[in-house]
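Could you walk me through this model, stop by stop? I have it open in my viewer and would like to know what to select next and what is there.

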Amino acid sequence: MHTDHINHTFLDPVLAGNEVDTYYHFGVASDDPLLEELRRVRAIILGGSGERARAFAEEWSRRNGGAPIVDFPKEDRFVTRYTAGVLFASHGMGMASASIALQELMRMVFFLKRGDLAEMARVAWMRVGTSGGVGLPPGTVVVSTEGLMADLKPYRLLQGGHGEYWFDGTFPRDMVEDLMAAAEAAGVPAMPGKTVAANDFFLEQFRLDGAISMETPDSKMAWLRWLDENGVRNIEMEGAMVAGYLNYWGFPRFGMICVTIVNRLVGDQVTFTPEELHGFTEREGELLFTFLRRELNR
Ligand code: R2B
Ligand code: URA
């Protein structure tokens with residue numbers, strides 16, 4: 001862990017009990033008794049949809065002898081559940097939304113682990129999502145090796161008028177290996193590769209079916225081929241930021257698995273039925289639970 005990258009100025013007085021940290025978007029604060037139930041958290045699972053956070057928590061509880069589920073009270077931004085050592089939280093769509101969830105959860109983990117870097121390093125993070133595949137049959141799970149933006153450069157944010165903050169989007173290699181091994185054990189088709197995180201579902205993903213379309217079939221295919229040639233296997237909207245922020249604090253265990261729900265070399269529209277899409281996320285769930293079982297026994 002990079003202690004010099006942690007915002008100790010703000011967080012240490014919270015640990016000392018001199019300040020309260022309000023995790024506003026989650027509707028809890030560091031003096032809330034609910035957080036005491038989360039002290040033993042070993043993994044944080046993030047996904048876009050609140051419904052999936054609920055369903056994953058219920059299934060993880062079921063697989064752990066009906067362990068009690070702690071519900072966070074506020075649900076208008078993110079849905080959050082804790083059960084059997086794992087916190088499941090939704091983060092909405094896009095890096096702007098997900099970065100709020102992630103920064104508040106990083107602060108929460110610092111508080112829950114009392115600033116103990118070794119304990120923090122034992123917490124695994126994982127984003128479980130959907131994506132557009134680059135040349136892969138839909139239903140394939142991509143295990144991300146690196147998260148990049150649409151220009152194949154890492155995640156950046158504007159630093160006012162002075163330039164940009166840059167982040168490292170690399171996912172830890174041993175996590176990629178452990179996730180691929182979990183996929184094999186769970187019988188889930190998976191492939192490692194780079195992932196592009198776009199700031200928009202349409203324009204930045206070179207879709208031609210948006211309300212606003214500024215590309216041509218040729219320029220779209222040229223972008224997709226460029227991604228393919230550079231080892232990009234899928235496109236989603238959060239991974240580069242997730243990897244960037246977790247690397248910044250130096251968490252050693254984090255990964256991303258995203259099932260592909262369209263092959264972008266073939267089309268733009270997602271046309272699977274809700275039942276078919278449910279089947280894809282069930283598969284992804286099997287990979288997740290196989291990984292979690294192993295991770296919590298490490
Ligand atoms: C994948 O799917 C969502 C858009 O449909 C977005 O959150 C993402 O990364
Ligand atoms: N999510 C995305 O961001 N893009 C896709 O094509 C599919 C899911």
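Before the first selection, one definition: a residue is buried if 20 or more other C-beta atoms lie within 10 Å of its own, exposed if 12 or fewer, and partly exposed in between, with C-beta atoms placed from the backbone. This is a predicted model, in which local features need pLDDT of at least 70 and side-chain atom pairs count only at pLDDT 80 or more, while totals for chains, interfaces and linings use all residues. Residues are numbered from 1 along each chain as its sequence is written, and chains are lettered from A and ligands numbered from 1 in the order in which they are written.

**Stop 1: the two domains.** Colour residues 1–122 as domain 1 and 129–298 as domain 2; these bounds come from an automatic or database domain assignment. Their C-alpha centres lie 23 Å apart. Where they meet, 26 residues of domain 1 are in contact with 20 residues of domain 2, contact being C-beta atoms, placed from the backbone, within 7 Å. On the domain 1 side, strand 3 (43–47), helix 2 (50–62) and helix 3 each supply at least two residues, and helix 3 gives the largest share, six. By class, that side has 13 nonpolar, nine polar and four charged residues. Here Ala, Val, Leu, Ile, Met, Phe, Trp, Tyr, Cys and Pro count as nonpolar, Asp, Glu, Lys and Arg as charged, and the others, Gly among them, as polar.

**Stop 2: helix 3.** Now select residues 95–112. Helices (H or I, at least four residues) and strands (E, at least two) are DSSP runs, numbered from the N terminus. The end C-alpha atoms of helix 3 are 25 Å apart, in agreement with the 26 Å that its 18 residues should span at 1.5 Å a residue; the expected span is 1.5 Å times one less than the number of residues. Buried residues in helix 3 include A98, L102, L105 and V109.

**Stop 3: A96.** Is A96 buried, exposed or partly exposed? A96 is partly exposed because 13 other C-beta atoms lie within 10 Å.

**Stop 4: ligand 2.** Finally, centre on ligand 2, surrounded by T130, S131, G132, F201, Q205, I235, E236, M237, I261 and V262, each with its C-beta atom, placed from the backbone, within 6 Å of the ligand. Strand 7 contributes the largest share of this shell, three residues. By class, the shell has five nonpolar, four polar and one charged residues.

Notes: Two residues are in contact if their C-beta atoms, placed from the backbone, lie within 7 Å.
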